[in-house]
Amino acid sequence: MNPAYATVDHVFTVPLDHSDPHGPTIRVFAREVTDQGRTGDGGRQLPWLLYLQGGPGGKSPRPSAGSPAWLPEALKTHRVLLLDQRGTGRSTPVTARTAARFASPARLAAHLAHFRADSIVADAELIRRQLCGDEPWETLGQSYGGFITLTYLSRAPEGLRACYVTGGLPGLSATADDVYACTYPRVRDRVLSCYARYPDDAARLHGIARLLTATDVRLPDGDRLTPHRLRMLGLVLGMGDGFERIHWLLDEALDEDGELTDTFLHQVMALTGFTDNPLFAVMQETLYGQGAGPTGWAASRAMAAIPEFDGEADPLLLTGEMIYPWMFREIRSLRPFADAAELLAERPDWPPLYDPRRLAANQVPLAALVYHDDMYVDAGLSLRTAREVGATRVWVTNEWEHDGVTASGGRVLSRLMDLAAGRA
């Protein structure tokens with residue numbers, strides 16, 4: 001860790017279900033970070049900035065020298081709270097092991113229903129009152145953290161002084177079907193761009209897929225590596241270094257005998273295994289549950305209707321931020337969630353996460369960066385939302401991919417702060 005940073009660990013006890021404050025509880029962890037050189041008291045009098053991590057299912061970053069890259073900029077003017085959202089990191093984590101302890105899939109599904117953005121916002125408000133009293137704070141929401149921000153503005157805008165969002169303005173009324181209708185074409189274009197930069201990679205992937213069809217290849221944890229699991233590698237393509245991560249992975253995929261290397265198999269297992277973040281897979285489509293009926297494995301249904309994504313198509317297209325039913329049968333860390341995931345996919349009555357009327361009347365300054373070519377969060381849906389939310393200023397750019405808030409150092413955060421304050 002950077003020796004100039006001072007950290008304080010906070011642990012809070014919160015209700016599992018905020019509508020039942022006397023019921024079961026869970027722990028939520030957050031790490032306070034200040035720059036000791038900013039003020040005589042180590043930054044303790046600076047305003048708070050709450051960081052809302054992308055995901056779902058991602059824990060907050062652990063500060064170290066140069067990481068996260070936006071942190072030094074934030075610490076010039078704020079003390080930062082790195083929140084492990086419920087179920088992640090040190091916040092009563094939801095794992096394959098804990099899921100296996102539930103007596104029935106129905107009980108597990110009921111438990112998981114309390115891990116959406118509405119519950120995360122309720123946790124944040126409880127934490128804010130303990131740390132700040134009546135003082136509002138600011139938020140930085142990356143990707144899914146932006147989704148949480150819109151829920152926060154819908155439910156508790158009194159707790160917010162200003163909000164900054166990077167690559168995370170959701171469609172306020174978009175269903176899961178709407179989202180995948182937009183994002184599958186972006187994934188296709190991204191994969192084809194990757195092949196254009198590295199022409200040999202398309203043939204390499206196709207050859208590996210044929211090998212996996214003909215041979216029972218096992219990953220280090222015992223899972224079978226199938227062609228459809230291989231295609232999940234496309235999840236990384238929306239990041240600034242995504243093309244290179246895929247290219248260099250494929251560069252060492254085969255040994256001199258034409259067999260898959262241990263290095264390749266280990267990396268594929270790590271990239272597609274969800275060991276550290278099963279909630280990403282379990283909760284992905286619940287993000288779009290807005291009371292409009294079941295999500296019903298929308299990504300799977302959408303792909304079946306697009307011939308270009310057929311497993312026999314040439315070129316073979318990788319997939320992106322999509323979750324499919326087969327994952328819960330074939331991936332070790334997801335198997336304990338399989339029946340509960342079916343129940344979540346069938347649930348017809350998800351409560352809405354956004355309040356369009358309240359958002360239209362919003363007065364909390366909201367500065368949002370929309371990545372023009374974002375593979376994960378459709379720019380068209382984001383810009384529509386920007387028009388529907390009051391006090392919103394938007395910056396649209398294709399200078400970065402989805403990870404621009406880190407890839408830019410502190411430039412993105414600095415400009416968003418200027419936008420929110422009316423300085424740019």
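1. In this predicted model, eight strands make up an open sheet of mixed pairing, and their order across it is β1-β2-β4-β3-β5-β6-β7-β8. The edges are taken by β1 (5–15) and β8 (392–397); each has a single partner strand, so one side of each is left without a neighbour in the sheet. On average, neighbouring strands are turned by 20 degrees against each other, direction ignored.

2. Strands of a sheet pair through backbone hydrogen bonds, in either a parallel or an antiparallel manner. Strands β2 (residues 25–35) and β4 (residues 79–83) run antiparallel and are joined by four bridges. On the β4 side, Leu81 is the bridge partner of Glu32.

3. Two helices on the sheet deserve mention. Helix α4 (residues 117–132) lies across β1, β2, β3 (48–52), β4 and β5 (137–142), and its direction is at about 125 degrees to β1. Helix α5 (residues 144–155) also packs on the sheet, where it touches β3, β5, β6 (160–166) and β7 (366–371). The direction of α5 makes about 140 degrees with that of β5.

4. Which residues of the largest nonpolar core touch the most other members? Within this core of 116 residues, they are Leu112, Trp137, Leu225, Phe264, Phe274, Met327 and Phe328. Helix α6 (residues 176–197) gives the most to the core, contributing eight residues. In soluble globular proteins, nonpolar side chains tend to be buried together.

5. Not counting residues up to four places away in sequence, Phe274 touches Met232, Phe280, Ala281, Ile323, Met327, Ile331, Ser333 and Leu334.

6. The largest pocket holds about 1400 Å³ of space. Its lining comprises 45 residues, of which Gln53, Gly54, Gly58, Met239 and Asn277 are the closest to the centre. The elements giving two or more residues to this lining are α10 (262–272), α11 (278–283) and α17 (404–407).

7. About 150 Å³ lies in the largest cavity. This cavity is lined by 16 residues, and those closest to its centre are Phe147, Val179, Tyr288, Tyr376 and Val377.

8. Is Gln284 buried or exposed? Gln284 sits in the loop between α11 and α12 (298–304). Its relative accessible area is 1%, under the 20% limit, and Gln284 is therefore buried. Apart from neighbours within four places in sequence, Gln284 is in contact with Gly55, Pro56, Tyr180, Leu279, Glu321 and Ile323.

9. Gly410 belongs to the loop between α17 and α18 (411–420). With a relative accessibility of 18%, Gly410 falls under the 20% limit and so counts as buried. Setting aside neighbours within four places in sequence, the contacts of Gly410 are Ala69, Trp70 and Glu73. Gly410 and Ala69 are 341 residues apart along the chain, yet their C-alpha atoms are separated by 6.4 Å.

Technical notes. Residues are numbered from 1 along each chain as its sequence is written. This is a predicted model: local features need pLDDT of at least 70, side-chain atom pairs count only at pLDDT 80 or more; totals for chains, interfaces and linings use all residues. Side-chain values use heavy atoms; hydrogens and water are left out. Two strands pair if DSSP finds at least two bridges between them. Axes are lines fitted to C-alpha atoms, for helices over the stretch in contact, and angles run from 0 to 180 degrees between N-to-C directions. Contact means heavy atoms within 4.5 Å. A nonpolar core is a set of buried Ala, Val, Leu, Ile, Met, Phe, Trp, Tyr and Cys residues joined through side-chain atoms within 4.5 Å. Buried means under 20% relative accessible area, exposed over 50%, partly exposed in between (1.4 Å probe, protein chains only). On a 1 Å grid over the protein atoms alone, a cavity is a set of points where a 1.4 Å probe fits but cannot get out, and a pocket is an open set with protein on both sides within 12 Å along at least five of seven lines; lining residues have an atom within 4 Å of a point. Grid points are joined across faces, edges and corners, and a volume is the space filled by probe spheres set on the points.
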